[in-house]
Amino acid sequence: MASSTASPHAWNRRNQSGHLGRLLRERKAIVGVVGLGYVGLPLAHAFVAAGLRVIGFDTDAAKVADLAVGRSYLDHLAGAIFADLAAADGFEATSDMGRLGEPDVVLVAVPTPLGRHHEPDLRYVTGVAHDVARVLRPGQLIVLESTTYPGTTRDAVAPILAAAFCDGERLLIGRDVFVAYSPEREDPGRAIDSVSIPKLVGGLDELSAQLAVDAYSLAFDKVIAVSSAEVAESAKLLENIFRAVNIALVNEMKVVLADLGVDVWEVIDAASTKPFGFMPFYPGPGLGGHCIPIDPFYMTWKAKEVGRPVEFIELAGLVNHRMPAYVVERVAEGLNEDGKAVKGSRVLVVGLAYKANVGDVRESPSLELIELLRKRGAEVDYHDPHVPRTHPMRRFDLRLESVPLDRANLVTYDAVLIATAHDAVDFAEIAEHASLVVDTRNAMAAHADRMAGRLVKA
Ligand SMILES: NC(=O)c1ccc[n+]([C@@H]2O[C@H](COP(=O)([O-])OP(=O)(O)OC[C@H]3O[C@@H](n4cnc5c(N)ncnc54)[C@H](O)[C@@H]3O)[C@@H](O)[C@H]2O)c1
């Protein structure tokens, strides 16, 4: 433990990797998961399902209380995860960070948001590192899972851990304690068992890497070791930047093709028939969620720090950022065709969540669409089966409740703006009763034939 006085039971500094390796082989290692959110909770569940004892840590005491009784606090996660964890003998959750010395393996999945000037905000990550350092003991493996820029694990986390003492002796990373990075590849809303998604692992040194591979192999089907934590950190950013850039590309194509009278959705389907060298990405009303709009800035920030500004990534951000304004312009054009102004029109936004079939509204473009429409004088409501009401957020406090999607209600709107294509939305009902539909997701494709003059793609 972090103390400056020597203990009579001095630990064996040569044997720590062997000891942890043995605990892992015998499946006796205790796993700690710090941050029980969208990433941490399925992770904890995966290790519990693999038969390991898991302690979940979260500073939010309400979540700890919910977990104790199996009450779900994350909309899209299968309710079974909460029920399983509440019923499992091998799982407990706590807000007591003083217990971080108990697990042999500590997996950290806390938020990595952006600061006011789009700079990385590592306060949660370094906060946890300090919590761990206070109770760090020999033989512990610490793995960062939060998405971040290359170098975070080595330059921001490791120095905090390396300052820890145990029984008066400084703990050495790679000999006494072990540190690695492993990115999460959750895809909210997609019905896929996360343990079947290959898991990348990069250590700060060889022993750390090996122990991290051994630990994840207990719960995940396929674990891939890369040569360093930096490679694993960069791979995660590349995956997300790849999406951001390709979405920007189709969004830009969409705007040009609309002017040319060509349907971008049909173009993407056509291009997708090429069996190599192309993969489809789809346009939308703008980027949303906690990853794609945020993670690229972790890379651009790091790039600036090393004096290599990355224009391509920034440009993608710019194009995507313009989408809500473009969509609102298309709503205005559609209303104009009907002889109406935006000011005073009633607009129903369908889908508040940032992607289909989840209730997550973080960074959702729908919020900005509502704000922009309101600024132009429209009266705006929303319908979202996954978001019954809005809650105050950092930037928005809409104070709205989801309205029903039925004939009586639909006929009262001048325009219906489809921002998210949830499976649970009855698009046939919209096609039947809406006087104007502005569709950013091609959700009305099956009904387009009977919507002549009432459908605008945006
Ligand atoms: N959600 C995803 O689909 C996804 C996918 C890949 C990567 N990520 C990354 O994973 C990380 C976590 O994201 P998330 O979506 O799970 O976030 P989240 O907000 O759902 O969960 C984070 C949890 O951490 C807790 N927390 C905050 N500070 C803490 C502290 N000091 N100690 C203990 N707990 C603390 C919060 O209370 C919260 O429950 C982020 O870096 C994110 O970019 C998320």
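The axes of helix H3 (residues 61-69) and helix H4 (residues 79-87) cross at roughly 80° and come within 6 Å; helices here are DSSP runs of H or I with at least four residues, strands are E runs of at least two, and both are numbered from the N terminus. Axes are lines fitted to C-alpha atoms, for helices over the stretch in contact, with angles from 0 to 180 degrees between N-to-C directions. H3 brings Leu67, Ala68 and Val69 to the contact, and H4 brings Phe82, Leu85 and Ala86; contact here requires C-beta atoms, placed from the backbone, to lie within 7 Å. By class, that gives six nonpolar, no polar and no charged residues (Ala, Val, Leu, Ile, Met, Phe, Trp, Tyr, Cys and Pro count as nonpolar, Asp, Glu, Lys and Arg as charged, and the others, Gly among them, as polar).

A word on the model itself: it is predicted, so local features need pLDDT of at least 70 and side-chain atom pairs count only at pLDDT 80 or more, while totals for chains, interfaces and linings use all residues. Residues are numbered from 1 along each chain, as its sequence is written.

Next, the eight-stranded sheet. Its order is E3-E2-E1-E4-E5-E8-E9-E10, it is open, and the pairing is mixed; strands pair if DSSP finds at least two bridges between them. Strand E3 (91-94) and strand E10 (223-226) sit at the edges with a single partner strand each, so one side of each has no neighbour in the sheet. On average, neighbouring strands are turned by 25° against each other, direction ignored. Four bridges link strand E2 (residues 53-57) to E3 in the parallel sense, and Val54 has Phe91 of E3 as its bridge partner. Helix H2 (residues 40-49) packs on this sheet, touching strand E1 (30-34), E2, E3 and strand E4 (105-108), with its direction at about 165° to that of E2. H5 lies across E1, E4 and strand E5 (141-144), at about 160° to E4.

The shell holds 26 residues, and the closest are Gly35, Gly37, Tyr38, Val39 and Ser146; a residue qualifies if its C-beta atom, placed from the backbone, lies within 6 Å. Sorted by class, the shell has 12 nonpolar, nine polar and five charged residues.

The other sheet is open too, with five strands in the order E12-E11-E13-E14-E15 and parallel pairing. Its edges are strand E12 (379-383) and strand E15 (455-457), each with a single partner strand, so one side of each is left without a neighbour in the sheet. The twist averages 20° from one strand to the next. Strand E13 (residues 415-418) runs parallel to strand E14 (residues 437-439), joined by three bridges, with Val416 opposite Val437 in E14. Helix H13 (residues 365-375) packs on this sheet against strand E11 (346-350), E12 and E13, its direction making about 160° with that of E12.

As for overall layout, the domain assignment gives domain 1 (16-232) and domain 2 (245-457), with bounds from an automatic or database assignment. Their centres, taken over C-alpha atoms, are separated by 35 Å. Domain 1 supplies 13 residues to the contact and domain 2 supplies 15. On the domain 1 side, these divide into six nonpolar, five polar and two charged.

Note on methods: Contact = placed C-beta atoms within 7 Å.
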